[in-house]
Amino acid sequence: MWTIWRSEWKTTTRQKSYYAILILWLLVISLLIILEGTNGSISGYTNITGTIVNIMLYILPLFMLIYGSFSIAGEMENGQWSLLCTYPLEMSSYFFGKLGGQFTAQAVSYSLAYWLSMLLGLITGLSISLNWMLVLYIFSLLLILFFLSIGLFLGAFVSTRWQALTYSVGGWFVLIMIWPTLLIAMTSALPYPMIGPVMKTAMFINPAEFTRFFLVAKLNAGSIFGQAYDSIVPLFEQGIVWGVIFLYGFTVIAFLGGLSIWKLKRRRAN
Amino acid sequence: MEVEEKESKLDGNLVMEAVSKQYKKKQALHPFSMRMRAGECVVLCGGNGAGKSTILNILAGTSKPTAGKVILNGIEMEKDKMAYVADIGYMPDEFLAQGEMSVREFLWFYASLRMVSEDKIDQIIMQIGLDEKKQEQVKALSKGMRQRLLLAQAILSDPELLIMDEPTNGLDPFWINEFIELVQILKEKGMMIVFSTHMMDVAAEVGDRIMFIHEGKLAESLVNDGKDIPGFTRRLLKHYRSNES
């Protein structure tokens, strides 16, 4: 696993596009901080924080889905997958090595851009609360981790990068773009008492919604979700939240990893 | 007793038994059988699309046979793939990945997947003549150098069975000669070698058996006694032409 991890890290960080993305993050986050800074200080969940979160929710998952799915699909295309099949390599080591290497590379690039932007904000005289910075940072890292896992899962099912791109955009469209519409359409067909539990369950199905819920609750704005979520919000406001995140992350990655490993094993055997 | 005898006969051998491959309606390989002993070299010859790569891919475990079985040192591929692939080395025909890695990093990657020591990497780099290029990126290498690097990757762990798909493609005459010498050394070590080529002189120099594949079938199998290489090369060329037409 560590060999794949190290190779993934090196291959990713040596591509010019990696640094182009780092600059993109730096630009986007700095502009968002400047936007937020028009109020003079940054803390809590404001309408501008909501805008920042929405922009992060649009771009981070899309990039991570593409990076993750290309990571496997690219190897299917260029012959490395075939060569690795002639090695005594466990598919679990392959999947988790790739996830680890990609996550390290993407997290390093994002962290550099994020903390540089925060530093720029602080230097220019903005007052940014530490809690706000940390919560937004953890929210972004969780998005990177979850959507890289989904991307790798998609990559395990495709054969070319074109297919990977199509699946990634499709996944992004469902999980990010039309999720609220989808939920409204589906729940409108349900009896009223079922709507609340279905909405809460749906939040756990979509990692983007889960991380958004975490961020809003940690910025003490859980009430904006409405009365239906009152039983869940305290889970995210107290210390137990880290246990919830760990358990949720473990379940999501184990589920996606398990399915991907199953598919990769089948592809290897054929 | 009979079982023991049978197993000992298989030990150290490669056995392909009635192996075939079908892609939808196309029969890429008709039932094909072959046995090899330690230190033997089999060369597969034939035109493009004859079925040489299909045989090599099945042997390498990258393509599942539709029927038949492959046994190496008593290990049946289908039953224990991980143990089977641990004993093979494979050099693919085309490989465009890991261009950002240096020559040494590339070999380190594959060496660590097979638990091969760091010393062996440096030794192999010297052997394939890439010592001066070991810090250069793989994508900066010429086609011939990349072929040598792929060969190094395949022999890093001294496998029992070495499978190579057109290994002399892109090599200049000097390195073709070096390749021939290397194959002779590996044969002396007891390695079983199977490779495909269109170069009949190379086949005559190192092949103990030359198999002509045509339309997914074994057309002819010639045994090389190694006594008259130029004469055997001419004979192979004649057979190559007759199988092509």
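1. First, a term: pLDDT is the predictor's confidence in each residue, on a scale from 0 to 100. What we have is a predicted model, with local features needing pLDDT of at least 70, side-chain atom pairs counting only at pLDDT 80 or more, and totals for chains, interfaces and linings using all residues. Residues are numbered from 1 along each chain as its sequence is written, while chains are lettered from A and ligands numbered from 1 in the order in which they are written.

2. Chain A has a mean pLDDT of 88, with 99% of its residues at 70 or more. Helices (H or I, at least four residues) and strands (E, at least two) are DSSP runs, numbered from the N terminus.

3. On to the contacts between the chains: 22 residues of chain B touch 19 of chain A, a contact being two C-beta atoms, placed from the backbone, within 7 Å. On the chain B side, α3 (81-85), β6 and α4 (103-113) each supply at least two residues, and α4(B) gives the largest share, 4 residues.

4. I88(B) sits opposite L161(B).

5. Last, the hairpin of β9(B) and β10(B): 2 residues lie between the strands, and E215(B) takes a positive phi near 50°.

How values were computed. Two strands pair if DSSP finds at least two bridges between them.
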